[in-house]
Amino acid sequence: MPTSRKNPADLEPKLIEAKELRRKGLIGPAAELCREVLDTSPNNFDALFLLGTFNYEYGNLKRAEKLLRKAISVRPDAVSAYSNLGIVLFHQRRYQQALTSTANALAIDPHHAVTLSARGMILQACGRFDEALRNFTDAIKAQPDYADAHWNLGLCQLLTGDFRNGWREYEWRHKQPEKAPHVREFTQPLWLGKPSLKGKTILLHAEQGLGDTIQFFRYADAVAKKGARVILEVQPPLKFLLRGLRGIDQVLTKGDPLPPFDYHCPLLSLPLAFGTEPETIPGETPYINSDPDLVRKWKARLGEKKNFRVGISWSGSAIHKNDTNRSIALEKFLSLLSPGIDLISLQKEVRPEDQAILEKHKEILHFGDEIADFSDTAALMESVDLVLSVDTSVAHLAGALGKPVWILLSSPPDFRWLLSREDSPWYPSARLFRQPAPGDWDTALQKVQSELKTTAQAAAKQKTSPASAAKKDNGTNETDQETQRRQKVIKSRKTDYERWSDPSQLEDLWDPRAQRASEYIPAGAGVLDLGCGRMALEKFLPLGCGYIPCDLVARDKRTLLCDFNAGTYPDAAAAQADIITALGLLEYIFDPQAFLKHLRQWDRPLVISYCATEGIKEAAQRRSLGWVNDFSYEDMLWAFIEAGFYVQRADRIDAVQWLFRLTPDKPVRPEVKKVGVLSYANVGNFGDRLGYHLINDILPAHAEVQQLSLRPWNPPEESFDLLIVGIGNSLFGELLDKPLLSLVERSRHAIGIFGTQYRETLPVPMLSGLLDNLDHWYARYEDDVLLYGRGRKNVSHLGDWLVKAFPMTRPTSTERLDIGQEIWNDLPLDRTIQNIQKHKTVFSTRLHPLLCALTSAEQVGYREQREGGENLVSGKFRSLLIDIFGRTYPEEKLWTVDREKVLIYKRDTEGRIAEMRKHIHKILKS
């Protein structure tokens, strides 16, 4: 929270000292000095403001409110006092009053960045996310380097699903003043996706809470797959849990001596490094494994299982800034106590008020110090049926283990849980129970209580049902009577109506299958669920999906009744659906080929499961389960193909079941074409990086690219369907050699996209030999065409095609930008372009930064590159300027940019790029 901006020179000596003590983190002595001032001057604004701020930082919200209100009464135009009062009210969940206070501040100063950011936080808490995003953005416009506003903007973007922008803004956390002491400083560079990690060692280090570490170390395996040796530095309670896991070579705790490494990355920066979007979250679980010895220990400690076991965690760290919102008093969990349900505490640390509850309710099993660290917690979880937790590290651990976990979320939730969904792309086994309004845990727990009772009852029925016993032991424990009944039904070739009309036969074990199937279904799809059973699929469907259940008997009033063995199908509903599902159904169809062919007539994608004979081979066992057909995995694939489906995806659900996604039409796969892209050097300069991106844009999907470089030059032995010489850069004389000509000659097709420079040194016969073997040379400058392409039909003027990467824009900064030999090679390209384009005046010794500046700047200047002192001039600036403006300009002087001519050049070049793209696609079709 900011303090007053009043000039310290105008403050009394005690207040000056108080501010200095606060700056050093000595809030107690600083507060005492403020109180001394108020003893003699009760209406001193600065003392009231400072002491109110100190009380907020100590968590004394009521006292802080009283002091800030008095400060406002002394100075009604004090923007910071209104702003800080708004923050205090926000933390008391008095959102409307907080909005009023921040509105008062903005009425005085509409561009007060701190207030705009604070108001955005309040609006976000009220669920007004669009308004919140606008306020955060306005705060950044008012103060571009305000780290808190960037951080808050990133959190809101991530919460609303805008991962692309959110992860970038999330990086501002490292610049927040309160986090600065904890930011790790290494001499090794930060890795955010580039450069290559092949053969390198990288340190991935924890930076926030235990739950964050558990959630984000999942990326370690992806980092390892880039060829890196991975060192993971984590909090001490996690060290033993994470040893020996996939992708990790060494696990350390902070403070351990660090071995040599080449790069580092904080764990929470890895989503940015991998460009994570909601649909690309690496959500495969489990990615943590329990220690088998500890699992046996805890199973013995718990004893024989008699009831449905629920592991509970009701509070997180008391020092967490959001603890009052996310933690719940244990007393509220008492409503979950019920016959048939055992509550098992997963808490290690318990607050005094909760300890009293545990001592009174011995039926809640609590182990306290017996849980040494998270290895014990993970092993204990293996003995429960379900984990119920608030948003804390226990919830993350359960999700990482792949355990069924129900997570209670405050309103608004932390960014990782997104909005308005009951599932989590981070943890497929999680189900989310949200507060309907801020602070309303009672409603959320009432829903949990109802669902938990139903789940426990279903588990009890499943435990004793013949179907469950059969599945548990592959059909060998079925009673003789039930076995005979099923065999009789099968012989009659009729659907087992008696079985499917009994709700106890609908098993909870089918839920994981439904959850996996939901991963194959796009958001917004209309789903026709054949053989819907418990309708488990509906609760896992992604956002905006419609759901039509279809079964032999009515599961609810929406159910369409069909007996597929009798030839009745929901054809009208299928015509309205986008995708069809058939989970656990095909095993009970007497004529599966006719069934599949009928579904193929609907011309819709199909998500279908099947228990192949590789899992249960014996026909007797399969019949005891009621299964009437016996396909192997290969048989099933052929059945799909013969029915007219294409198998787009096939995945194992478990040792018995397979899950398939079928499409009605087989896609036409184009023949892969080998393309070599030959650039000047294997470096990351601005022009080369842009060239790589543009090359990718003009190549067709079936191009398989191999990147080659002339420095170092290691000619490949193979030939290419298409060799592209250059990516818009310059070709030097020393690069023209016989191995290059040989590679061009043995490739089926070759084109050039390059310019020339230091032309006095070019070996013209070698260049002519190169041009003779190119299908086409797309020359960068008109000079190139006139000097070396005259009379050739395979040469045309392209222009500097990198101009395509630069939008026409208007600059905002009056500060002159001077660009030297290197230009922000450690920054992403978009940031580099933005940095150049915001300046009205730019001077450059690099060609492509100047080209970028021409699309925005008002005045520019340049200096040509030279070899051997002043004797040999590159000439490329001169060629570029003549192409664009019809004339050159003297070096070392600024001149005004003719924006209209730049626009014309950009349009014409982009048109020629489009023609080049057509030519390349035509070549690769042949």
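Is Thr-276 buried or exposed?

## A threonine in a loop

Thr-276 is buried, at a relative accessible area of 2%; buried means under 20%, exposed over 50% and partly exposed in between, with a 1.4 Å probe and protein chains only. Thr-276 sits in the loop between helix H14 (270–273) and helix H15 (292–302). Helices (H or I, at least four residues) and strands (E, at least two) are DSSP runs numbered from the N terminus. Leaving out residues up to four places away in sequence, Thr-276 touches Phe-163, Trp-167, Tyr-219, Pro-271 and Ile-281, where contact means heavy atoms within 4.5 Å.

Bear in mind that this is a predicted model: local features need pLDDT of at least 70, side-chain atom pairs count only at pLDDT 80 or more, and totals for chains, interfaces and linings use all residues. Residues are numbered from 1 along each chain as its sequence is written, and side-chain values use heavy atoms, with hydrogens and water left out.

## The cores

The largest nonpolar core has 123 residues, and Ile-202, Leu-204 and Ile-288 touch the most other members. A nonpolar core here is a set of buried Ala, Val, Leu, Ile, Met, Phe, Trp, Tyr and Cys residues joined through side-chain atoms within 4.5 Å. Apart from it there's another core of 52 residues, including Tyr-692 and Leu-880.

## Strand E10

In strand E10 (residues 526–530), five of five residues are buried. Gly-526, Leu-528 and Leu-530 point one way, Val-527 and Asp-529 the other.

E10 pairs in parallel with E11 (residues 546–551) over five bridges, and with E13 (residues 579–582) over four; pairing takes at least two DSSP bridges. Gly-526 stands opposite Gly-546 in E11, while Asp-529 has Thr-581 in E13 as its bridge partner.
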